Amino acid sequence: MKLSRLRERLARGADVCQITQQRIVALENAPDNRKHLRQFPTVEAATILGVSESYLRQITRDGAEFNSGTVIGNNYRRTFSLAELHWVLDGLYQKTGDERYRRRRSATEKLQVIAVANFKGGAAKTTTAVHLAQYLALRGYRVLVVDLDSQASLTSLFGLQPDTDVQAEETLYPVFRGEVDSLAGCVRQTYWPRLDLVPANLSLSQAEFEMPVRAQREKDFAFWLVLRDSIQRSATNYDVVVLDCPPSLGFMSINAIFAATGVIVPVPPSMIDFASTGQFFRMCSQVLEQVEEIDPEAKEVDFFKILVAKHVITDQNQKQIIHLMAANFGDMLLQNPMAVTTALDGAGLRKRTYYEIDDQVGTRQSYMRGLAFLNAVNAEIEEVLLKAWDRHDSVRSLTTPSAA
């Protein structure tokens, strides 16, 4: 097949894919299907707030100080919107002064920027990033999630079609081109309270090609600090920024690593992924060494953690690899792995995150098991964040059942 013919077929294939995606999105975003956040039953709401179910029922009942929620059924069970739970959370902190209920960082606590990175495709970077961002928003933190991958999978999970709903100037593209120096023009509110998004599309792949040209054109251009500087200028109203990195060690990933105060590397427990991760570490080390020669003070992180992702709990080979990882990585390895469950797979097929689905995906047992795995991973990462903020009392409260 001649090159011209191949090019024509590829162009035709691209058009067909785009038309098909537009039709699917039109169906998904019909008025009755537009993405929105579900209500949370009392058992989940109590977990989110860090209180017991009986205490939550007591303070939200009719006539109580934090009366809220929607009564369902004849037994007066309630469900809550996330906005209502945030209102209760803030009210409890104002009323009691108990640090367990404080989410916003103080003036002395620096903005935490978490890069979720690994240049191996299929390592669950986007899954990790989106669920971490949503977990933190559930808990009441003000979160900005940034999509740095031109494939824009994370953007799609928030109900946006990258090719039609997102323009190049609404991504980080103008930031990397040097046309703007802040994120103000590309931050979008989502249907999640306290969770905003910087979307992505294919324009970011163009930025990867243009950055070297800019580096040659502009004298003393610190290409590795573009994202860090833009975040510092425009993200002061957030507590945490989560960066979803592309599956490569290009300019986007390098910028993410230098913008980060902490790095999380998801690693599926297979020999292929393990070897690829080793190469990723080696290349990162070499890049950091080169930059350090130019700017010795360019990088400082509060934490660097490895997450076991896509763990099949019945796979004995994976168990052996995890054992080796624990023995060799030590405290760099998060103790809780992210296990694969039927319900989690079903959520992905429906273009919803696990925190957005109800227990009708798979069996309730599978749903609750997946939720427990996911919450354990994200609670451990939250604990790492709190330690970085030196909130030792709050860290203990994560592992101590609350009587309130």
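Modeller: Helix H2 (residues 42-49) packs against helix H3 (residues 53-60) at an angle of about 95°, their axes 9 Å apart. H2 is therefore roughly perpendicular to H3, a label for angles of 65 to 115 degrees. Axes are lines fitted to C-alpha atoms over the stretch in contact, and angles run from 0 to 180 degrees between N-to-C directions. Helices are DSSP runs of H or I, at least four residues long, numbered from the N terminus. From H2, Thr-42, Val-43, Ala-45, Ala-46 and Leu-49 make the contact; from H3, Glu-53, Leu-56 and Arg-57 do. Contact means heavy atoms within 4.5 Å. These residues divide into 5 nonpolar, 1 polar and 2 charged.

This is a predicted model: local features need pLDDT of at least 70, side-chain atom pairs count only at pLDDT 80 or more, and totals for chains, interfaces and linings use all residues. Residues are numbered from 1 along each chain as its sequence is written, and side-chain values use heavy atoms, leaving out hydrogens and water.

Now the salt bridges. Glu-44 pairs with Arg-38 in a salt bridge (2.9 Å, N to O). The term means a side-chain nitrogen of Lys or Arg within 4 Å of a carboxyl oxygen of Asp or Glu. Arg-38 is buried at 13% relative accessible area, and Glu-44 is buried at 14%. Buried means under 20%, exposed over 50%, partly exposed in between (1.4 Å probe, protein chains only). Arg-177 and Glu-210 form another salt bridge, at 2.8 Å, N to O. Arg-177 lies in helix H8 (residues 173-177) and Glu-210 in helix H9 (residues 203-217), 33 residues apart. The structure holds 19 salt bridges.

Technical notes
Helices (H or I, at least four residues) and strands (E, at least two) are DSSP runs, numbered from the N terminus. Angles under 35 degrees count as roughly parallel, over 145 as roughly antiparallel, 65 to 115 as roughly perpendicular and the rest as oblique. Ala, Val, Leu, Ile, Met, Phe, Trp, Tyr, Cys and Pro count as nonpolar, Asp, Glu, Lys and Arg as charged, and the others, Gly among them, as polar.
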